[in-house]
Structure formats: structure tokens, C-alpha cells
2 protein chains.
Amino acid sequence: MRILGIDPGLNVTGLGLVEQNGRSISCVEYDQIVLARNLSLSVRLKTIHENLAGIIIRTRPDAVAIEDIFYGKNVQSLIKQGHARGVIILAAVQAGLAVSEYSPLEIKKAVACYGRAEKQQVQQMVRAILRLDEPPPPDAADALAVAICHLHCGKKDCL
Amino acid sequence: MRILGIDPGLNVTGLGLVEQNGRSISCVEYDQIVLARNLSLSVRLKTIHENLAGIIIRTRPDAVAIEDIFYGKNVQSLIKQGHARGVIILAAVQAGLAVSEYSPLEIKKAVACYGRAEKQQVQQMVRAILRLDEPPPPDAADALAVAICHLHCGKKDCL
């Protein structure tokens, strides 16, 4: 079973594809969609949607898991993240994939056994769980973590 | 010049197509995408995107004007509205259209000369400006109002 984990953002969207065979979990690939600061909102949304649609066609995941919004941020940045999540969920549903969401607390608990783990701890735990040579960059690590979380929790409620 | 005004929402999205010939503004059509309460978020986003993409192909507007988010609401509903705005802006940019946004205050000032006008006043003013037989339903009236606002203000900054 292949899970595409996504950490959505208008500046950087983390992507992590994880595969489970029996009790073994491995990393297929990870990436980050990084967008230049001078791009407009509409171009950002189009680029995120196009990239994600292409990645889904190429890698054929069975389901998508997405990080829920962390409510500690300011309202404007939460709304902007909502825009990015909108086009990400759209790309998944257009490909016929179910989308589950997990809170940052659930994700950190799943990979680091501790809901308030720092970004660096998540990177190190993802590296250890997936037996990677080096820790992935932060947003890709978060995306891999949400995919691992989905395999651990097996949440059935979809967005 | 044809402007498609949009009042985005996950439950009801208002649409209003307005045409300017010289100094005369007329209504081409208006509609509301109304979604049943039991639909999932992903189905809502897909339905809004599909409907809007179809309407853009059929009606060929020159530009899209969208209502900005009203920050008085609670954070969760603002984020959800962000999702809807995301797929709406995407549909417009995928069709090569520029998207401008206007605050509720700007829109109400443009049609009712008063930034704190009630919904009913907006409906009546839109009816009068566009010489309609009856006031459009509230969300379609808001969409027509944002299209009228775009023609009045001619904002050049696009999203």
C-alpha cells in the first residue's frame, strides 16, 4: 500500500511517498514544491495543483494523507494555507483518491512518540523509521511523517 | 467587457455575469452553486471547481472578480472558505483569466454607496442597477455586486 503524505503550504509544500509491505515501511521518494517569493497567489495555486496532479499520475498512490492546519498561526496565514489545501485536496479527489487528515499532534505522536517534538526530532525519527542515509528537509520530513501516521493509525474518515 | 463575479462558499457559491457596453451595465446571467449538507469537503471542492470551469467555458468572461474574506467570522469557517477560494481561483487561472478581489466594504460601497449596507439593500441595489424584474437571491446578488464593483473600480492588482 502506497501513501502520499502532504504538508501543504503556499511557499513550500512537502511531499513524501511511503510504501508498506507486510510490517515493513519504506520510503519511495520525497520532494518539496518550493515557490519563489515574487509569484502571485493564482500562479502558486496553479503550480501546486499541476505538480501534485503530475506526481499522483506518475507515482500512483493508493491514498493521500494531509497535515491539518495548526491553529496557532495568525488568521491571514491560516486562510492562505486553506487556499493551498483546497487545490491539493482537489488534485487528489480528481484522481479518485481518498484524503485523510491528521493534526500536527497526531503526526508527531506517531513518529516521535511525543506530540510536542521539534522539527529536527521529526526529521531524525523519519530518517530512522524509513532507514534513510540522511534526514529529509523539514517539509518533506513532515510529509513523510503524515504518510507514516496514516499507516499507523489507519484512519477511515476521509475529507 | 464581461466580468464574472463570485461570492465563494463551501455551502453556497454565488455567480453573477455582468456585461459593460459603453456606459451601460447589464446582467447576462446569475446562478448559485448550492451543495447539500451531507457532502464531504473533497466532493464540495470538486463540484465547485467543475461547475465553475464549465461556466467559464460556456460564458467566456474577460476577467473574474471575487469577494475577499470577511474576517469577522470564526477561524474554522474562514479556513474552509479559503479552501473554496483556492479551487475557484484555480479554475479562473486555468482558463487564463485574471482574478481581482474586493473587500465586502468596497463591494457594498460600489453598489449601495454605504459600506455597512444589509444583504437586502445589496439585493435591491443590484436589481436597480441591472434593471432586473426581481432581486436576485442573496449570494447571486453579492456575486453580481462584486462584478459591478470591478467595473466601477477597475482594480489592476490581480491575485
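This is a predicted model: local features need pLDDT of at least 70, side-chain atom pairs count only at pLDDT 80 or more; totals for chains, interfaces and linings use all residues.
Strand pairing was examined in chain A. Strand β1 (residues 2–7) runs antiparallel to strand β2 (residues 12–21), and six bridges join them. These two strands form a hairpin with four residues between them. Within this pairing, A:R2 stands opposite A:E19 of β2(A). Strand β2(A) is also joined to strand β3 (residues 24–34) of chain A, here by ten bridges. This pairing is antiparallel as well. One of its bridge pairs is A:G14 with A:Q32, the latter in β3(A). The hairpin of β2(A) and β3(A) has two residues between the strands. In this hairpin A:G22 takes a positive phi near 60°.

Ten salt bridges are present over all chains. A:R2 forms a salt bridge with A:E19, with the closest N and O atoms 3.0 Å apart. A:R2 lies in strand β1 and A:E19 in strand β2 of chain A, so the pair ties together parts that are 17 residues apart in sequence. A:R2 is partly exposed, at 22% relative accessibility. A:E19 is also partly exposed, at 23%.

A further salt bridge links two helices. The side chains of A:K119 and A:D142 meet at 2.6 Å, N to O. A:K119 belongs to helix α4 and A:D142 to helix α5 of chain A, so this pair ties together parts that are 23 residues apart in sequence. A:K119 is partly exposed, at 43% relative accessibility, whereas A:D142 is buried, with a relative accessible area of 11%.

In chain B, a salt bridge joins the side chains of B:K46 and B:E50 (3.3 Å, N to O). Both residues lie in helix α1 (residues 41–59) of chain B. They are four residues apart, and therefore separated by about one helical turn. B:K46 is partly exposed, with a relative accessible area of 28%. B:E50 is partly exposed too, at 47%.

The structure holds zero disulfides over all chains. B:C27 is in no disulfide, and the nearest cysteine sulfur, that of B:C149, is 16 Å away. For B:C149 the closest cysteine sulfur is that of B:C153, at 3.7 Å. This separation is too far for a bond, because a disulfide requires the sulfur atoms to lie within 2.5 Å. B:C149 is buried, with a relative accessible area of 0%.

Backbone angles were also considered. Most residues other than glycine have a negative phi. A:R131 has a positive phi, near 50°. This arginine lies in the loop between α4 (119–129) and α5 (138–153) of chain A. A:R131 is exposed, with a relative accessible area of 56%. In chain B, the phi of B:R131 is likewise positive and near 50°. B:R131 is found in the loop between α4 (119–129) and α5 (138–153) of chain B. B:R131 is exposed, at a relative accessible area of 56%.

How values were computed. Residues are numbered from 1 along each chain as its sequence is written. Chains are lettered from A and ligands numbered from 1 in the order in which they are written. Side-chain values use heavy atoms; hydrogens and water are left out. Buried means under 20% relative accessible area, exposed over 50%, partly exposed in between (1.4 Å probe, protein chains only). Two strands pair if DSSP finds at least two bridges between them. A salt bridge is a side-chain nitrogen of Lys or Arg within 4 Å of a carboxyl oxygen of Asp or Glu.
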